[in-house]
Amino acid sequence: MVLELCSVSVEDISWGRKTILDGTALLVHREGLLAAAKGNDHRITSVKAFIARPGESVRILPVKDVIEPRVKVEGKGGMFPGLISGVETVGTGRTHALRGCAVVTAGQVVGVQEGLIDMSGPGAHYSPFSRTLNIVLAVNVKYGTSPHEHEEALRLAGLRAAVYLGEAGRNAKPVDVERFEVRSPFTPKRGNADLPGIVYVYMLLSQGLLHDTYLYGQNATSLLPTLIMGTEIMDGAIVSGNCVSACDKNTTYHHQNNPVVRELFKRDGIDLRFLGTVVGNCNVTLPAKLRAAQYGVKLVEFLCADGAVITKEGFGNPDADAMMYCAGLEQMGIRTVMITDEFAGVDGASQSLADTTPRADAVVSTGNANERILLPPMEKVIGDMRVIERMAGGQSGSISQEGITVELQAILGATNELGFEFLSAREE
Amino acid sequence: MKVVHYLNQFFGQIGAEDKAGIEPVVKTGPVGPGVLFQELLGSEAEITATIVCGDNYFAEHIDKATEKILAMITDYHPDLVLAGPAFNAGRYGIACGAICAAVVSRLGVPAITGMFAENPGVESFRKTVYIVATRGTTAGMRDGALKMARLALKLAKGQPIGPPGEEGYLPRGLRKNYFAPETGASRAVTMLLKKLKGEPFLTEYPMPVFDRVVPLPPVERMSEVTLALITSGGIVPKGNPDRVEASSATKYGKYDISALQRLTAESHETAHGGYDPTYANEDPNRVLPLDVARDLEREGIIGRLYPYYYATVGNGTSVARAGQFAREIATELIADGVRAVIITST
């Protein structure tokens, strides 16, 4: 299985009379985009679109999801299988990704778990989406739409918009081609059998009740851990439906660009053998957690892994799932590294996790999400500023003359647990 | 800048163990190791006074001695306070830590001390005071004083302080963010390969040791007991009057339910930002089971329901903060004769 993920460079974005890529400038026909985003969804009453560029004095909140616009130019399947295209297996052929830009769904909020993106100032150091040219969609739904219907409407509108924009890159000449190749774990390439075999354990936050992730359109909540090819992940097989704290929410963009998968592909055959990925969910009951962890550990063992990288989404409840995977794998003699963020309190003096195992002796920290930051006022706010006081990471009195004081928790992607960012925490 | 230095009776050149009972005294200028410190601090700082106190006197009158010494320090209006180093001397270490902590918190003046890692003063004060790592004996005086002087000047000038390994102080147990040179994903794969090869690697978060609470024996004669309800599921009176945060709660609420038989969608809601609020808002009894608690009261299975409930939000709330809430709430409940509690979480 070979996927060529091609970067089509987007360096500027503006409204135009039709949606085309002119060199590295993306022109967007606003009405066409709005119509695509709305689709035939009768729950959506209105959609507005804005452009937010890096360096601008713009704050976007509340943000639900971020998606990278892409188009399938060769090979089976389409974008976001099971939700937008059919359910045909993806992960082969060629896909063009519009690098440097993103679709951001914002506006009317589903829960209080969404986040913010600052396009400049100190907050811009913490979100990868402060560095992308963003097409922001503010979506409104019919009064009385249930939160679950509301979430679905927003999710699908964002995906449709990304597909619409991605189409502009169909005939573009890529500036870079990443070649990802999956080999059967049972037939090691000649000459590298001595390299350690690594499996990626990819926990998808999926507890139901607005904490959902979709695999080929199926909610992972009801999933038993299963195998997935790294190429499928990089080709949009996993979509976020999560309404969780912003700092460690894995948006669809993060899934499309999973940094662990990318890293393991990069080093495959050089200093490791990338044997495969086990996706699992994180449910809320103890039997469901035990079932998933034991089933997942068995799959990793079946792949004859020497080691595994475990990643998370969210905090608190999922800490328990991560510890079960870690302890279970280490018990089988499979060495692990776990990536997690921390909730060590505003002063950093508290213990950081809700669960623990002495076997977790190799942990990568992506930062203390409780640490506070003052974000100065921005000239333009896309969305609704007042929600900050109710947002996870904000609090009553967050807004002052100097700006807003929030925990990093409120910034989208700040402490991403796929290891997307450079942020870490250490003891001082 | 002006500096005040604290020493015990031995380093303060008053005497050995037989003088450990002396009360604090002030001497002008540097004394004993203070001479070395003055040399290391250079012309930027002047040790204007040295305060000397016996180790036993301090240990036996901690509060009184701290007050006295703080008053003496205040008289000199210092920009910086140095204490010790205390090496592995336990009583001296506690005194140095306590004085520095008081100076920092009450005078707002930077203070620094030095100790051997196993000095009992380290565990008590490392979170509030910079303690430079020294050797166990006075053989480490010059090296310890050098690191103390360097860090002290940085602190006094308000310069940013680097990590413990770089600056030479003992880790304070505080988690601080920084930007690493590689992404988390890249660090994870590198760490795993080192672990597999048996090469040394450094975990970025050593696992904490959790408190384990031994359950009490079951409650006897429930029918005579006052029962209270507590929740971390964020159920608050409609409108969230105390503004309990959706995440990382800094407070909890105490709410009167003496006149209520059950909660309703009109009377209560959840402030919690970590779970889907739809079903809790529809029927708040799902998270705070007042309805069934009233049934139990009516049926005589419990003696009486406590007229208040306590609520906070467990979402991302630090363990240290939750522990503080628990101690405060438990004190009130015990004082009011509550013998059993049902705690619901989400």
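## Exercises on a predicted two-chain model

Chain B is assigned two domains, domain 1 (2-167) and domain 2 (222-344), with bounds that come from an automatic or database domain assignment. The model is predicted, so local features need pLDDT of at least 70 and side-chain atom pairs count only at pLDDT 80 or more, while totals for chains, interfaces and linings use all residues; side-chain values use heavy atoms, with hydrogens and water left out. Residues are numbered from 1 along each chain as its sequence is written, chains are lettered from A and ligands numbered from 1 in the order in which they are written.

### Exercise 1. Domains and interface

Task: state the separation of the domain centres of chain B, and describe what chain B and chain A bury between them.

Solution.
- Step 1. Taken over C-alpha atoms, the centres of domain 1 and domain 2 of chain B are 47 Å apart.
- Step 2. The contact (heavy atoms within 4.5 Å) involves 78 residues from chain A and 58 residues from chain B.
- Step 3. The size of an interface is often given as the accessible area lost when the parts come together. Here about 5,600 Å² is buried between chain B and chain A, 58% of it on carbon and sulfur atoms. Buried area is the accessible area (1.4 Å probe) that two parts lose on being put together, summed over both.
- Step 4. On the chain B side, the residues that lose the most area to chain A are B:Arg175, B:Asn177 and B:Met207, together 13% of what that side buries.

### Exercise 2. A helix pair within chain B

Task: describe how α1(B) and α6(B) pack.

Solution.
- Step 1. Two packed helices are described by the angle between their axes and the distance between the axes. Helices (H or I, at least four residues) and strands (E, at least two) are DSSP runs, numbered from the N terminus. Axes are lines fitted to C-alpha atoms, for helices over the stretch in contact, and angles run from 0 to 180 degrees between N-to-C directions.
- Step 2. For helix α1 (residues 33-41) and helix α6 (residues 141-156) of chain B, the angle is about 50° and the axes are 9 Å apart.
- Step 3. α1(B) and α6(B) are therefore oblique; angles under 35 degrees count as roughly parallel, over 145 as roughly antiparallel, 65 to 115 as roughly perpendicular and the rest as oblique.
- Step 4. The crossing of α1(B) and α6(B) is right-handed, the near helix being turned clockwise from the far one by less than a right angle.
- Step 5. Contact residues include B:Leu36, B:Phe37 and B:Leu40 of α1(B), and B:Ala145, B:Met148 and B:Leu153 of α6(B).
- Step 6. By class, this contact of α1(B) with α6(B) has 11 nonpolar, no polar and 2 charged residues. Ala, Val, Leu, Ile, Met, Phe, Trp, Tyr, Cys and Pro count as nonpolar, Asp, Glu, Lys and Arg as charged, and the others, Gly among them, as polar.

### Exercise 3. A helix pair between the chains

Task: describe the crossing of α5(A) and α8(B).

Solution.
- Step 1. Helix α5 (residues 259-267) of chain A and helix α8 (residues 184-197) of chain B cross at roughly 50°, and their axes come within 8 Å.
- Step 2. α5(A) is therefore oblique to α8(B).
- Step 3. α5(A) and α8(B) form a right-handed crossing.
- Step 4. Among the residues that meet are A:Val260 and A:Leu264 in α5(A), and B:Val189 and B:Leu193 in α8(B).
- Step 5. The contact of α5(A) with α8(B) has 6 nonpolar, 2 polar and 2 charged residues.

### Exercise 4. Backbone details

Task: locate the cis bonds at A:Pro62 and B:Pro85.

Solution.
- Step 1. A:Leu61 and A:Pro62 are joined by a cis peptide bond with omega about -10°; A:Pro62 lies in strand β6 (residues 58-67) of chain A.
- Step 2. B:Gly84 and B:Pro85 are joined by a cis peptide bond with omega about 15°; B:Pro85 is in the loop between β4 (80-83) and α4 (90-107) of chain B.
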